[in-house]
Amino acid sequence: MVITVFGLGFVGLTTSLGFAEYGHKVYGVEVSPERLATIRDGRLPFLEEGLDKALTRHLDKNFFPIGSDGVAKAVSESDCVYYCVGTPYGKDGQADLKYLFGAIDETLAAREKNKYQVLVVKSTIPPSTTSAKIIPYLEKKGIKVGEDLGVANNPEFLREGHCWNDFMNADRIVLGVSDSRSADILKQVYATVKEPVFCVSLNTGEFIKYLSNTLLATLISYSNEMSMIADTIGGIDIAKAFHILHMDKRWSGQPAAMSTYVYPGCGYGGYCLPKDTNALYAVSKSAGFDAQILHNVIATNDRMPQFIADRIERHIGPDKTQTIGILGLSFKPGSDDVRDTPAAKIIRELNSRGYDNIIGYDPVAETEFRRVYGDLRMSFAETLDEAVSKAGSLVITTAWPEFGGIQSRTDKTVVDCRYMG
């Protein structure tokens, strides 16, 4: 099959190369000239293990990265057009669909009128978006959905830092469809995979993605609130308590998966969980139901920077002239993504309290952190040893393996906000 994918970010590039690995011909559309040039040069624009080798295997063979000038040719050849563009926070926390509608407009301008194609949204969009917004948008342009074009959604369940493995070894594949013709075409996309493929309604496909992400956000906020309680009570070994919790047999024999999310830290960050949890809460509230669990999940996450800053102050004392070393700037280990990273929120909170002598270190994310958070009052270390030597006290904000056991390597105060031990 021939597939066009709009957007070559984490999801789009992984999807493009995954489909290429299946044997399909894939055009990947990227509007950023810098990112497009990087990919055409055979390099990844972000850190993702395994994806670099896939890019080398498929570049200019099964996978062809293009700019907007190549959209007409790509769309005219394609059986499916996938949308992996950003759906950031919009008004009242709901998803902003301007990039999605822009890509759809490009598709409609380029499509062959007598060719049946399926437009597939892989971007995360709130339940009812396809049926209530995308299909009416197409119908206003004279498109008969199910006759002229098919419309579907195919949510992704990728973890940053593990995107390639998650795509190639998926737990399940979900296809939100409204007609059998579209379903049959999309089944051909996944014809070679061994994972179970579920065809569900459009709303169900969208909801499953939010069901997954809001559960993860809830587990994280629950764990962080439990750590707040334990810290307030005192005398509790928080790390040991959670490790013992993970031994519970009722967790379906999946302690590794559970421990990733049911464990205290600095709050959830990155692109998906903050955006999706806020979006589902906003959609629910606009529909007339105030979802209090989600409301409090968000509230707990929002107050984590203040709680952690309080904890730091308790451990390092009142001297605001000392240098604080922040270890970890990305929102999670194994990734260089700094979007909504807890480290930035904690540093901003410390700055607001008069702590301006801050030195940050991250093994991969420093350059991107500097670019995104240039307003923060801080400096940077090139190595962990430099950060340790220059800082009067240390704060672990990302659980990079090299930070494990750092307490045994220095006599300086270490505030382990990731409970690495």
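Guide: A cavity is a set of grid points where a 1.4 Å probe fits but cannot get out, and its lining residues have an atom within 4 Å of a point. Keep in mind that this is a predicted model.

Visitor: Which residues line the largest cavity?

Guide: The lining of the largest cavity is made of Val-121, Lys-122, Ser-123, Thr-124, Ile-125, Asn-153, Pro-155, Gly-205, Glu-206, Lys-209 and Tyr-210. They count as lining because each has an atom within 4 Å of a cavity point.

Visitor: How many cavities of 30 Å³ or more does the search find?

Guide: The search of the whole structure finds 1. The volume of the largest cavity is about 60 Å³.

Visitor: What gives the most to the lining of the largest cavity?

Guide: Helix H9, residues 202–233, does, with 4 residues. By class, the lining of the largest cavity has 4 nonpolar, 4 polar and 3 charged residues.

Visitor: Which helices each supply at least two residues of the lining of the second largest pocket?

Guide: Among them are H1, helix H5 (98–110), helix H12 (272–286) and helix H15 (366–372). The lining of this second largest pocket divides into 20 nonpolar, 10 polar and 12 charged residues.

Visitor: Why is Ala-54 called buried?

Guide: Buried means under 20% relative accessible area. Ala-54 has 0%, so Ala-54 is buried. Ala-54 sits in helix H3.

Visitor: What is Ala-54 in contact with, leaving aside its neighbours within four places in sequence?

Guide: Leu-17 and Trp-164. Contact means heavy atoms within 4.5 Å. Ala-54 and Gly-18 are 36 residues apart along the chain, and their C-alpha atoms are separated by 8.2 Å.

Visitor: Why is Arg-40 called partly exposed?

Guide: Exposed needs over 50%, buried needs under 20%, and partly exposed lies in between. The relative accessible area of Arg-40 is 46%, so Arg-40 is partly exposed. Arg-40 belongs to helix H2, residues 33–40.

Visitor: What is Arg-40 in contact with, leaving aside its neighbours within four places in sequence?

Guide: Arg-40 is in contact with Leu-59, Pro-65, Ile-66 and Gly-67. As for Asp-60, it is 20 residues from Arg-40 in sequence and 8.6 Å away in space, C-alpha to C-alpha.

Visitor: What makes a set of residues a nonpolar core?

Guide: The residues must be buried, be of the listed nonpolar kinds, and be joined through side-chain atoms within 4.5 Å. The largest such core here has 38 residues. Those with the most contacts inside this core are Leu-13, Phe-19, Phe-63, Tyr-82, Leu-186 and Tyr-190. Elements that give two or more residues to this core include strand E1 (2–6), helix H3 (51–58) and helix H8 (180–189). H1 gives the most to this core, with 6 residues.

Visitor: What does Phe-19 touch, not counting residues up to four places away in sequence?

Guide: Phe-19 touches Ile-3, His-24, Val-26, Tyr-82, Phe-167, Val-189 and Tyr-190. There is also a second, separate core of 29 residues, which includes Val-2, Ile-104, Leu-119 and Ile-125.

Visitor: Which residues of helix H10 are buried?

Guide: In H10, residues 238–245, they are Ile-238, Ala-239 and Phe-242. They lie on the same side of H10 because they cover an arc of only 100° around the axis. Lys-240 and Ile-244, on the other side of H10, are exposed. H9 is included in what covers the buried residues of H10.

Visitor: What makes Ser-128 and Asp-340 worth a stop?

Guide: Ser-128 is not a glycine, yet it has a positive phi of about 90°. Asp-340 is not a glycine either, and its phi is positive, about 55°.

Technical notes. Residues numbered from 1 in each chain as written. Predicted model: local features only at pLDDT ≥ 70, side-chain atom pairs only at ≥ 80, totals over all residues. Heavy atoms only, no water. 1 Å grid on protein atoms, 1.4 Å probe; cavity = no way out; pocket = protein on both sides within 12 Å on 5 of 7 lines; lining within 4 Å. Points joined across faces, edges and corners; volume = space filled by probe spheres on them. Nonpolar A, V, L, I, M, F, W, Y, C, P; charged D, E, K, R; others polar. Buried < 20%, exposed > 50% of the residue type's maximum accessible area, 1.4 Å probe, protein only. Arc of directions from axis to C-beta.
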